[in-house]
Amino acid sequence: MLSAFLWPGDLVCNLAGLPHASDHRQVLRSFVNMMVWAAVMIAVVLYFDPVA
């Protein structure tokens, strides 16, 4: 279940061809996951915001 949350970053790292033990992979994966899930949460909040 938890791996589903890491999927966007893993996909980008695999497409970039970064090795699994690389520090660059961890940084890129964290950045991509943060951007994707932040965008999802912003969309959810804007959709369900009763004020807007």
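What radius of gyration does the protein have, and what would a compact globule of 52 residues have? The protein has 14 Å, whereas a compact globule of that length would be near 10 Å. This is a predicted model. Its secondary structure consists of 2 helices and 0 strands.

**Overall dimensions and surface**
- Along the principal axes, the C-alpha atoms fill a box of roughly 45 × 20 × 15 Å.
- Of the 52 residues, 13% are buried.
- The accessible surface is about 4,300 Å². Carbon and sulfur atoms account for 76% of that surface.

- The structure contains 2 aromatic pairs.
- One of them joins Phe 5 and Trp 37 in an edge-to-face arrangement.
- Phe 5 sits in helix 1 (residues 2-16) and Trp 37 in helix 2 (residues 23-48), so the pair ties together parts 32 residues apart in sequence.
- Phe 5 counts as partly exposed, because its relative accessibility is 41%, between the 20% and 50% cut-offs.
- Trp 37 is also partly exposed, at 33% relative accessibility.

**Aromatic pair of Tyr 47 and Phe 48**
- Tyr 47 and Phe 48 form an edge-to-face pair as well. Their centres lie 4.8 Å apart, with 85° between the planes.
- Tyr 47 is exposed, with a relative accessible area of 66%.
- Phe 48 also counts as exposed, at 60% relative accessibility.

Note on methods
Residues are numbered from 1 along each chain as its sequence is written. This is a predicted model: local features need pLDDT of at least 70, side-chain atom pairs count only at pLDDT 80 or more; totals for chains, interfaces and linings use all residues. Side-chain values use heavy atoms; hydrogens and water are left out. Helices (H or I, at least four residues) and strands (E, at least two) are DSSP runs, numbered from the N terminus. The radius of gyration is taken over C-alpha atoms; the globule rule is 2.2 Å times the number of residues to the power 0.38. Buried means under 20% relative accessible area, exposed over 50%, partly exposed in between (1.4 Å probe, protein chains only). Accessible areas come from the Shrake-Rupley method with a 1.4 Å probe; for residues, only the protein chains shown count as cover. Rings of Phe, Tyr and Trp (its six-membered ring) pair if their centres lie within 6.5 Å; planes under 30 degrees apart count as stacked, over 60 as edge-to-face and the rest as tilted.
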